[in-house]
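Subject: Structure handover, salt bridges

Hello,

My notes come after it.

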Amino acid sequence: MKKRLILTISLFLVSLALVGCNSNQTSNNSTKAENSSLRAENASLKSKESNETRKEKYSNEDYALMAYLKLQGQTPDELNSNKNNMNWKQDGNKFTIDFGAHSTMMMVTDKQVQVTYDKTTNNGMGQGNGHKVYSKQELADEFGNQKNTLKEIINTAKENNNNSTSNNVEGGCRM
């Protein structure tokens, strides 16, 4: 009888130990799953914040200028050296750039920039309209790290337009 009692108690203790180990393992697996889920959620939030920041980072003016640069195959630094000769006009979400002759028009929409320009002929003169469309993401990826130079170009062009308008008004009224 004593042997049976000892054997029963031993089996009970072994069973209890196994149940305890199994619940710890289940608890550990559950904790690992929770941690993995939290890491995935955190990464998703960071990605969303990054995309929202990117969208808010650039103005329509920035996107219009980036589209112009892409069309021309220029860098912001190259255009910056000629910014004093640039005419910049804005009408809502439509922007026009010219250097005294043919103009290029950029229309900024939610996700893209549509560019209308004069196609060049064999002798170099523009004839007819060309049309290209660039996504905002594409433009931001290519020119986004040069935001300060873009702002400098836009500010100078606006300033030049204001000075030009003032000079035309003053000069046109004299007798």
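Below is what turned up on salt bridges.

The model is predicted: local features need pLDDT of at least 70, side-chain atom pairs count only at pLDDT 80 or more, and totals for chains, interfaces and linings use all residues. Residues are numbered from 1 along each chain as its sequence is written, and side-chain values use heavy atoms, with hydrogens and water left out.

Glu142 pairs with Lys70; their closest N and O atoms are 2.7 Å apart. Glu142 sits in helix H4 (residues 136–143) and Lys70 in helix H2 (residues 60–72), so this bridge ties together parts 72 residues apart in sequence. Helices here are DSSP runs of H or I, at least four residues, and strands are runs of E, at least two, numbered from the N terminus. Glu142 is partly exposed at 39% relative accessibility. Lys70 is partly exposed too, at 24%. Cut-offs: buried is under 20% relative accessible area, exposed is over 50%, partly exposed is in between (1.4 Å probe, protein chains only).

Lys83 bridges to Glu152, with the closest N and O atoms 2.7 Å apart. Lys83 is in the loop between helix H3 (76–80) and strand S1 (87–91), Glu152 in helix H5 (residues 147–172), 69 residues apart. Lys83 is buried at 12%, whereas Glu152 is partly exposed at 39%.

Asp98 and Lys89 form another bridge, at 3.4 Å between the closest N and O atoms. Asp98 is buried at 9%; Lys89 is partly exposed at 47%.

Finally, a network of salt bridges links Asp62, Lys147 and Lys151.

Best wishes

Conventions: Salt bridge = Lys/Arg side-chain N within 4 Å of Asp/Glu carboxyl O.
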